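Reader: I would like to go through some features of a model and learn how to read each one. Please start with charged side chains.

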Amino acid sequence: MPLTHAERRLVGALLAQAALALENSLLLADLYRQVEQHRLLEEYLERVFESAAAALLICDASGLVLRANQRAQALLAGEAGSIHGRRLGELVVLPESWPLLPERAAGVQVRIPGERERVGVLSVSTVELQPGQRDGRVVAMEDITQQLALEHKLAQQERMAALGRLAAGLAHEVNTPVTGIASYAQLLRELTPAHDPRASLVEKIEEQAFRVARIVTNLLELARPAGFERALVDLAAVAREEWLSVRSEAKRAGIQCLCRVPDTLPLRANRVQLELVVHNLLRNALQATPPGGQVEVEVWEENGTAVLEVRDTGPGIPEELRSAVFEPFVTTRAGQGGTGLGLAITQDIVRAHGGRIEVRPREPHGTVMHVELPREGEQHAHPHH
């Protein structure tokens with residue numbers, strides 16, 4: 001039977017309600033879908049934030065830390081506790097011109113205090129914590145301590161390479177006249193009768209001339225990438241001979257010079273270079289020791305390693321120079337004839353022999369130069385090459 005007017009209105013109303021319910025259901029499904037997408041996006045951003053290689057912090061304009069990723073926690077606090085709620089200025093040494101964090105900054109170098117002070121590079125950008133307000137900051141930070149150390153090491157190696165080239169050039173230019181002087185001194189000694197009172201002086205001239213020739217040869221060897229020849233060398237004899245060569249100079253300066261070496265201590269090394277090591281250390285010790293002081297050279301064996309120590313009773317090396325004393329052109333005798341090359345060359349020779357050298361304070365005052373050399377002559381790559 002046909003529907004009445006009232007029944008048609010009722011059916012129409014029911015269909016309208018059904019259509020509205022269907023539309024609401026579709027809208028709700030779309031809303032659920034958008035909420036899920038938003039949740040997934042938040043999780044993704046959270047994973048990116050937490051897994052970032054750089055230390056990331058979200059702060060307010062005053063530097064109060066609101067969020068920090070794991071890298072920031074490890075870099076700035078370690079196991080000491082959470083950095084949430086702390087001021088960024090408490091965690092790193094910020095520039096004094098920053099009462100508030102700037103809206104933008106990039107590549108600002110800061111110090112990170114701690115048991116071992118580190119250096120970081122910091123960048124700042126703006127984020128809205130409240131809609132429409134530029135009241136938040138995103139701070140990204142990286143630890144560049146190791147990078148700076150590598151750059152310093154590279155610069156030092158470049159300086160040492162330049163020193164090698166300089167030494168090679170000087171040695172090449174000096175070699176010819178020095179060889180001539182040594183040859184003429186040898187000829188003069190042969191022409192001087194043994195009973196002539198000048199014979200001992202001529203002999204010393206010849207000895208020192210050939211010594212200079214050996215040092216020049218040594219500088220040339222240092223500049224060669226192929227290394228140097230080695231043979232069985234008696235370190236005790238080398239130390240004794242170098243001590244004898246400076247003993248008269250020490251006596252004239254009023255310095256007591258002592259030598260404590262065994263009868264023999266052989267090792268595989270380059271004799272000319274070992275002579276230069278002992279000579280440089282003794283020369284530095286004598287120059288640092290005032291009249292009435294004492295210089296000692298001692299050699300011994302320890303666990304298959306040859307040990308050489310040269311001690312003085314001078315004023316000692318300032319602590320701020322102790323870590324840099326082996327760098328080229330660093331000297332405690334600036335303006336007094338010191339070039340800062342002796343210890344740099346000495347360290348180069350010791351390392352090339354597979355050994356190590358370090359400076360130690362001597363109580364109550366003075367310096368100890370401690371050298372360890374493998375007796376089997378372990379060869380390392382030349383530091384310059």
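Author: A salt bridge is counted when a side-chain nitrogen of Lys or Arg is within 4 Å of a carboxyl oxygen of Asp or Glu. Note that this is a predicted model.

Reader: How many salt bridges does the structure hold?

Author: Side chains of opposite charge can pair when their charged atoms come close. Here the total is 23 salt bridges. One of them joins Arg189 to Glu206, with 2.4 Å from N to O. This pair links distant parts of the chain, since Arg189 belongs to helix 4 (residues 145–191) and Glu206 to helix 5 (residues 199–222), 17 residues apart.

Reader: How many aromatic pairs does a search of the whole structure find?

Author: A pair of aromatic rings is described by the distance of the centres and the angle of the planes. The search of the whole structure gives 0 aromatic pairs. A charge does sit over a ring, however: Arg247 is placed over the face of Trp243, 4.8 Å from the ring centre.

Reader: At what angle do helix 6 and helix 7 pack?

Author: Helix 6 (residues 235–252) and helix 7 (residues 271–288) meet at about 35 degrees, and their axes are 9 Å apart. Their crossing is right-handed. Residues in the contact include Trp243 and Val246 of helix 6, and Leu282 and Leu286 of helix 7. By class, the contact residues are 10 nonpolar, 1 polar and 6 charged.

Reader: Which residues does the cis peptide bond join?

Author: Glu363 and Pro364, with omega about 0 degrees. Pro364 is in the loop between strand 11 (356–361) and strand 12 (367–374). In another loop, between strand 9 (294–302) and strand 10 (305–312), lies Asn303. Asn303 is not a glycine, yet its phi is positive, about 55 degrees.

Definitions and conventions. Residues are numbered from 1 along each chain as its sequence is written. This is a predicted model: local features need pLDDT of at least 70, side-chain atom pairs count only at pLDDT 80 or more; totals for chains, interfaces and linings use all residues. Side-chain values use heavy atoms; hydrogens and water are left out. Axes are lines fitted to C-alpha atoms, for helices over the stretch in contact, and angles run from 0 to 180 degrees between N-to-C directions. Helices (H or I, at least four residues) and strands (E, at least two) are DSSP runs, numbered from the N terminus. A crossing is left-handed if the near helix is turned anticlockwise from the far one by less than a right angle, and right-handed if clockwise. Contact means heavy atoms within 4.5 Å. Ala, Val, Leu, Ile, Met, Phe, Trp, Tyr, Cys and Pro count as nonpolar, Asp, Glu, Lys and Arg as charged, and the others, Gly among them, as polar. Rings of Phe, Tyr and Trp (its six-membered ring) pair if their centres lie within 6.5 Å; planes under 30 degrees apart count as stacked, over 60 as edge-to-face and the rest as tilted. A charge sits over a ring if NZ of Lys or CZ of Arg is within 6 Å of the ring centre and within 35 degrees of the ring normal.
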